[in-house]
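My notes follow in the order I worked.

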Amino acid sequence: MGSDCLFCRIVAGEIPATVVRETATTLAFRDITPKAPVHILVIPKEHYADVATLAQGDPGLAAEVLATAADVADDEGLLGDGFRLMFNTGTYGGQEVFHVHAHLLGGAPLGPMLARDLA
């Protein structure tokens, strides 16, 4: 991806991030505006716009993102009480950065999935 992708620039080391885990293919770093006591973003180093594109284009890499998220959840002590792993996809899904990323959230009760009833 070009230099306009925020997460590609983090992967390239152009923008600093608080990295908590790095593998050959993934990067996990703390969100700069956390929504929970633990809020970590887990991304593939290779650019994919969203989770659907990643899953269709490279299922093995999608699995590596999930494995990294599980390892980080373990490192952060979240396995006992639980955590939420969330992918926002597209405008309606609330995606703001169009480089696939999983939000790993935990460390406290997280409440309902949605803030309001959409029915």
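I began with the exposure of Asp-71. Its relative accessibility is 38%, so I log Asp-71 as partly exposed. The model is predicted, and I keep that in mind for each entry below.

**Entry: the partners of Asp-71**

I looked for a charged partner next. Asp-71 forms a salt bridge with Arg-21, and the closest N and O atoms are 3.9 Å apart. The cut-off is 4 Å, so this pair counts. I then placed both ends in the chain. Arg-21 sits in strand S1 (residues 19-22), and Asp-71 sits in helix H3 (residues 59-75). They are 50 residues apart, so I file this under links between distant parts of the chain.

How exposed is Arg-21? I find a relative accessible area of 26%, which means that Arg-21 is partly exposed.

I checked Arg-21 for a further partner. Its side chain also meets that of Asp-75 in a salt bridge, at 2.6 Å from N to O. Asp-75 lies in helix H3 and Arg-21 in strand S1, so this pair ties together parts 54 residues apart in sequence. Asp-75 has 48% relative accessibility, so I note it as partly exposed. I therefore record Arg-21, Asp-71 and Asp-75 together, as a network of salt bridges.

**Entry: another pair on S1**

I searched the whole structure and got five salt bridges. One of them joins Lys-45 to Glu-22, with the closest N and O atoms 2.7 Å apart. Where do the two residues lie? Lys-45 is in the loop between strand S3 (38-44) and helix H2 (51-57), while Glu-22 is in strand S1. The separation is 23 residues, and the pair links distant parts of the chain.

I compared each with the exposure limits. Lys-45 has a relative accessible area of 24% and is partly exposed. Glu-22 reaches 52%, so I count Glu-22 as exposed; the limit for that class is over 50%.

**Entry: helix H3**

I turned to the helix that carries Asp-71 and Asp-75. H3 has 17 residues. From first C-alpha to last it reaches 24 Å, close to the 24 Å expected at 1.5 Å a residue.

Which residues of H3 are buried? My list is Leu-61, Ala-62, Val-65, Thr-68, Ala-69, Val-72 and Ala-73. I looked down the axis of H3. The buried residues fall within an arc of 140°, so they line one face of the helix.

The buried residues of H3 pack against S1, strand S2 (26-30), S3, H2, strand S4 (83-87) and strand S5 (102-106). I also looked just past the end of H3. Gly-77 takes a positive phi there, of about 75°.

I finished with the strands. S2 is mostly covered, with four of its five residues buried. S1 and S2 run antiparallel and are joined by three bridges. Val-19 has Phe-29 of S2 as its bridge partner.

How do S2 and S3 run, parallel or antiparallel? I find them antiparallel, with five bridges between them. For Leu-27, the bridge partner in S3 is Ile-43.

Terms used. Residues numbered from 1 in each chain as written. Predicted model: local features only at pLDDT ≥ 70, side-chain atom pairs only at ≥ 80, totals over all residues. Heavy atoms only, no water. Buried < 20%, exposed > 50% of the residue type's maximum accessible area, 1.4 Å probe, protein only. Expected span 1.5 Å × (residues − 1). Arc of directions from axis to C-beta. Contact = heavy atoms within 4.5 Å. Pairing = 2+ DSSP bridges.
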